Amino acid sequence: MDKEVIKKYKILIQDVENYVLKKNGRRKATRKHWTPEDREKWKLRYPECPLCHESYDESNPITKEHITPLFLGGPERDCNVIAICHKCNKSRDNVMKKLLATTDIAQIRERWPAIKPAVDNFVIWCHITLYDYDNLDQVKDLNHAFKNERNIDLAVKNKNNFLINNSKSFFYSVLDSLRNITSKKDMPLNSGSDIKLDSVSSIIPAEKTNTSSINDNTIIRPDVIFDLNNWVLENWKNKSDYNKMKTQILRHEKDNGGNRKLRTILKDDFDIPKSWSVKKISSYFEDLKTKIQSSTVKTPINTVQEKEPNVIPSRDELKVILAKNITKRIGANTYKDGFKISQIAYIFKQSKEKYEVSWNKFFTHLGVKYEENVETTCKKLLLELDLTIEESLDKNGDQKYLFSESN
Ligand SMILES: [Zn+2]
């Protein structure tokens, strides 16, 4: 990636880093979803998806996109919001999941700074694809990954875009608001060492050095990271699985155009030092497995529930319980295409009945004002929970909510 481009996005990247390292004291922004009116307004302003240029319809409705993802510290403000179609939204998500292998900020923190180049690259890509088409060439790998998901060539699609005039004000307002936060710090513009971006640029270190032999030993790093966590969770039993892992990772590397050796991959992508023995890696994987298992099953609040079933937990605890009651149903077939608000209300009702309180008391306890009817109020309550929500419409035009595990 060009130095100029990195310089341009330096403030955004710095802001993400500050969030990851908890230096800016910011909490993850609470997701607000669009009302049907919001959606119509956005549709009027931008009648087609800026990525694929298709019009919105029932099969591919308009959705809200946070340009810098919320879980990476992106703000829930207009400067960070754009309308894109459901399919492109999903595809961007998939690119992110493949690249970062997680959407859990705790895991990003754990893998920092090894994962920083990938995060930087992704954030820059998020912005370039929407506002900065001149630099699309700088993020070829991710464009390619997106193309694999959505079968759309962004470089071609965005030659004649309609957003460009508005885009500057959007983009610069992000920069401005961030500049206010960060300007006091002395930020050295890219020194070259702190940001190592996509594989294209790392293959050809144009402005680097005289010493390296570039051509023969060029290391090609694919932009899709092997989903090691998941593999370990599903397949790892003991040391004897090491070779199986090796085969899988190397195959994945090859399939995605990379050529690194196993230990380089483990070091680059998963921060596993080359000096570790197979035995050490093995026990690391066993720990990892236990950790993942306990983090997916963990329901710390249940103990509170079991002890005193009729005492309503504190507001924050109850919010966690409600969120959990939703997320534990995510895999179920019934909710495959998302939750209807009536289903959400039912889930809340079940929780409410445990504490033998009225709806009124339940909502008041949670700090939500009763509005119109239970469902409308439940909708409001839903937004108060720490959940990552994506809205869409089903074929009957009913609103559906899709959740992913929050972080
Ligand atoms: Zn689209």
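1. Helices here (H or I, at least four residues) and strands (E, at least two) are DSSP runs, numbered from the N terminus. Residues are numbered from 1 along each chain as its sequence is written. The structure is a predicted model, in which local features need pLDDT of at least 70 and side-chain atom pairs count only at pLDDT 80 or more, while totals for chains, interfaces and linings use all residues.

2. On confidence, pLDDT being the predictor's confidence in each residue, from 0 to 100, the chain has an average of 78, and 80% of the residues score at least 70. Residues 160-216, however, have a pLDDT below 50, although the model gives this stretch 61 contacts beyond near neighbours in sequence, a contact being a pair of residues whose C-beta atoms, placed from the backbone, lie within 7 Å. Residues 298-308 also stay under 50, with eight contacts beyond four places in sequence. Where pLDDT is low, the predicted coordinates should not be read in detail.

3. Strand β1 (residues 62-66) pairs with strand β2 (residues 81-85) in the antiparallel sense over five bridges, where pairing requires that DSSP finds at least two bridges between two strands. Within this pair, T63 has I84 of β2 as its bridge partner. Four of the five residues of β1 are buried, a residue being buried if 20 or more other C-beta atoms lie within 10 Å of its own, exposed if 12 or fewer, and partly exposed in between, with C-beta atoms placed from the backbone.

4. H66, which lies in strand β1, is partly exposed because 18 other C-beta atoms are within 10 Å. Leaving aside neighbours within four places in sequence, H66 is in contact with G74, N80 and V81. The C-alpha atoms of H66 and I84, which are 18 residues apart along the chain, are separated by 9.8 Å.

5. N94 belongs to helix α4 (residues 86-100) and is partly exposed, because 15 other C-beta atoms lie within 10 Å. The C-alpha atoms of N94 and A145 are separated by 9.0 Å, while the two residues are 51 residues apart along the chain.

6. Some backbone geometry deserves a check, because most residues other than glycine have a negative phi, and most peptide bonds are trans. The peptide bond from W112 to P113 is cis, with omega near 5°, and P113 is found in the loop between α5 (105-111) and α6 (116-131).

7. Which phi does D271 have, positive or negative? The phi of D271 is positive, about 60°, although D271 is not a glycine. D271 lies in the loop between α13 (262-270) and α14 (278-297), and counts as partly exposed because there are 13 C-beta neighbours inside 10 Å.

8. E356, which is not a glycine either, has a positive phi of about 50°. The place of E356 is the loop between α17 (341-354) and α18 (359-365), and E356 is exposed because 10 other C-beta atoms are within 10 Å.

Note on methods. Two residues are in contact if their C-beta atoms, placed from the backbone, lie within 7 Å.
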